[in-house]
Amino acid sequence: MDHEERTEDLAQLLARLKSTYGVGDSEIARRIGVAPATVNSWVHRKRGTGRGPARDKLAALAAAFPKFSEEAIFTAAGRKAPGPLSPDKEAEVLRYFRELTAEQQEITVAQLKAVTELNR
């Protein structure tokens with residue numbers, strides 16, 4: 001279920017990343033806080049019971065290896081990258097959220113969870 005046309009999958013992107021940075025699975029794992037076996041499963045396209053790498057781990061890959069953009073990593077994993085959130089936009093969202101009743105806040109959080117689930 002790809003969200004965008006992709007030219008390489010995550011395994012291919014990781015092969016390029018390893019070559020570019022001269023690192024192995026263990027070093028990638030260390031930098032993003034997962035077990036080496038987890039990275040190895042991505043490299044060898046093994047799918048467990050989950051839906052692939054967690055969004056926070058994909059973002060961590062981009063942060064740890066900045067020659068590879070978040071957009072490229074998420075696309076290779078078959079997902080949409082999160083949009084940018086400026087401090088001004090975050091403050092605006094919080095301002096509106098704080099004006100909601102407790103019940104409205106709960107409903108809004110449930111809606112946000114449902115929308116973000118679509119990106120998984």
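Modeller: Y21 is partly exposed, with a relative accessible area of 23%. The cut-offs: buried is under 20% relative accessible area, exposed is over 50%, and partly exposed is in between, with a 1.4 Å probe and protein chains only. This is a predicted model, in which local features need pLDDT of at least 70, side-chain atom pairs count only at pLDDT 80 or more, and totals for chains, interfaces and linings use all residues. Numbering starts from 1 along each chain as its sequence is written, and side-chain values rest on heavy atoms, with hydrogens and water left out.

Now the rings. The structure has two aromatic pairs. Rings of Phe, Tyr and Trp (its six-membered ring) pair if their centres lie within 6.5 Å; planes under 30 degrees apart are stacked, over 60 edge-to-face, and the rest tilted. Y21 and F65 make an edge-to-face pair, 4.9 Å centre to centre, with 75° between the planes. Y21 sits in helix 1 (residues 10-21) and F65 in the loop between helix 4 (55-64) and helix 5 (70-76), so this pair ties together parts that are 44 residues apart in sequence. Helices (H or I, at least four residues) and strands (E, at least two) are DSSP runs, numbered from the N terminus.

F65 is buried, at 0% relative accessibility. The pair of Y21 and F68 is tilted: 6.4 Å centre to centre, 40° between the planes. That pair also links distant parts of the chain, with Y21 in helix 1 and F68 in the loop between helix 4 and helix 5, 47 residues apart. F68 is buried, with a relative accessible area of 4%. Together, Y21, F65 and F68 form one aromatic cluster.

The charged end of K67 sits over the ring of Y21, 5.3 Å from its centre. The test is that NZ of Lys or CZ of Arg is within 6 Å of the ring centre and within 35 degrees of the ring normal. R95 does this too: its charged end sits over the ring of Y96, 5.4 Å from the ring centre. R95 belongs to helix 6 (residues 87-98). R95 is partly exposed, at a relative accessible area of 44%.

From R95, go to G78. The two are 17 residues apart in sequence and 33 Å apart in space, C-alpha to C-alpha. G78 is in the loop between helix 5 and helix 6. G78 counts as buried, at 11% relative accessibility. G78 and V34 are 44 residues apart along the chain, and 20 Å separates their C-alpha atoms.

Next, the packing of helix 4. Two packed helices are described by the angle between their axes and the distance between the axes. The axes of helix 2 (residues 25-32) and helix 4 come within 9 Å and cross at roughly 105°. Axes are lines fitted to C-alpha atoms, for helices over the stretch in contact, and angles run from 0 to 180 degrees between N-to-C directions. Helix 2 and helix 4 are therefore roughly perpendicular. Under 35 degrees is roughly parallel, over 145 roughly antiparallel, 65 to 115 roughly perpendicular, and the rest oblique.

On helix 2, I28, R31 and I32 meet K57, A60, L61 and A64 of helix 4. The residues of this contact divide into five nonpolar, no polar and two charged. Contact means heavy atoms within 4.5 Å.

One backbone detail remains. Most residues other than glycine have a negative phi. R45 is not a glycine, yet has a positive phi of about 55°. R45 lies in the loop between helix 3 (36-43) and helix 4.

Note on methods
Ala, Val, Leu, Ile, Met, Phe, Trp, Tyr, Cys and Pro count as nonpolar, Asp, Glu, Lys and Arg as charged, and the others, Gly among them, as polar.
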